[in-house]
Amino acid sequence: MRKRTLFRLATATAALGAATLAYASLVERNMFTLRRYDVPVLPADAEPLRILHLSDLHMTPDQDRKQRWVASLAALDPDLVVVTGDNMAHPEAVPGVLRALQPLLDLPGAFVFGSNDYTGPVWKNPFTYFLPDRGYVEGAALPYEELRSVFTGAGWADLNNARTTVKAGGRLVELVGVDDPHIERDDYSLVAGAVSEEADLSLGLTHSPEPRVLDEMAADGFDLLLAGHTHGGQVCVPGVGALVTNCELPRTMAKGLHRWPGSDSWLHVSAGLGTHPTAPIRFACPPEASILTLIPR
C-alpha cells in the first residue's frame, strides 16, 4: 500500500511538473503584456510625456508572433521610444528586429546594446545563475554594427557610453547611456556630469541595472533610469518573486518601477520580451513592454 501511494505521488508530481513546463514554454512565453506606469518626474505645470520602453527581444528569425506584437505598439503613439539592449539571439536576427521595430523608427528614439547584441547565446545550465562568480561565455558574433546602422539611420540616439539631447513631445530631453556593464563595456566617466538646467527631462539608459552605474547616474541628477537584462527573474515563484537578477540588483527590484535608494531618481526595469533560446520558458513573469507616462511631481 505504501509503495502504491508513493508511486501515485511521484506520478502526480511528474505530471504537474510536465504541465507547468508546457505552460511556461508554450503559453506564458507568448503572453506578451503591456505594462503602464505613471512616473512623477515633470514640473508642476508640464503636460504628460509618454515613453515606450522595450528590452530583451532576444529575436530569432522565426518569431513572427513577437514581431507582429511589437510592431502593433506603434498605435500607442509614444513621444519617445527607448530600447535597452539584447535585441538579437541569432546571426540572422536583424530582419526580424527590423520587422518588429520598423513602425516605431519614425518616432524619436534612443538605444543601448546588451551582451546579446554582440555575441549570441550558448547553452548553459540554468542553475548556474545562482552562482555569484559565474563567468560569461561568448557565443557566435552577431551583426551589431548592422543593427546600429539601422537605428542611427532612423535618427535614434546611440547612447553606448554617450550623452546627447533629443526633442520629444515638444520637450528637450537629455539622455545619457552606457554600453553593457554585464560584460564590462561601460565607461560612465566618459559621459559623467550634472544634468543640464536647460533640459526639461533627463534619462539614463543601461542594459544591465548594475547599482554602481545607477548610483552614478542618480548622483548626477537624472530623473528616470531605464534598464532591462533581468527578464524580471524569468522564472518566478508566486508570492515570492524573482529568484535571481543575473546582476547585483536586489531581487525585489527585478522588474517594474522603483525609487532608486538614496536619490530622487526613479528606476524602471523591464522584464523584457524574450528568453534565452536554450531556456525558452517564463513562469509568473510574462514577457512585457512598458508605457511610462511621465507626469508632474
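This is a predicted model: local features need pLDDT of at least 70, side-chain atom pairs count only at pLDDT 80 or more; totals for chains, interfaces and linings use all residues.
Visitor: Which strands pair with β2, and do they run parallel or antiparallel to it?

Guide: Pairing is read from the bridges between two strands. Strand β14, residues 288-296, is joined to β2 by five bridges, and the two run antiparallel. Strand β3, residues 80-83, is joined to β2 by four bridges, and here the direction is parallel.

Visitor: Which residues stand opposite L52 and L54?

Guide: L52 faces I291 in β14, while L54 faces V83 in β3.

Visitor: What unit do β2, helix α2 and β3 make?

Guide: Together with helix α2, residues 64-72, the strands β2 and β3 form a β-α-β unit, and its hand is right-handed.

Visitor: Turning to the loop residue, where is N160 placed?

Guide: N160 belongs to the loop between β5 (157-158) and β6 (162-168).

Visitor: Why does N160 count as buried?

Guide: The cut-off for a buried residue is under 20% relative accessible area. N160 counts as buried because its relative accessibility is 13%.

Visitor: Which side chain makes a polar contact with that of N160, and which residues does N160 touch?

Guide: The side chains of N160 and D158 are joined by a polar contact of 2.8 Å. Leaving aside residues up to four places away in sequence, N160 touches F111, V112, F113, Y118, R148, G177, V178 and D179.

Terms used. Residues are numbered from 1 along each chain as its sequence is written. Side-chain values use heavy atoms; hydrogens and water are left out. A crossover is right-handed if, with the strands pointing away from the viewer, the path from the first strand over the helix to the second runs clockwise. Buried means under 20% relative accessible area, exposed over 50%, partly exposed in between (1.4 Å probe, protein chains only). A polar contact is a pair of N or O atoms within 3.5 Å; within protein, one must be able to donate a hydrogen and the other to accept it, and residues adjacent in sequence count only if both atoms are side-chain atoms. Contact means heavy atoms within 4.5 Å.
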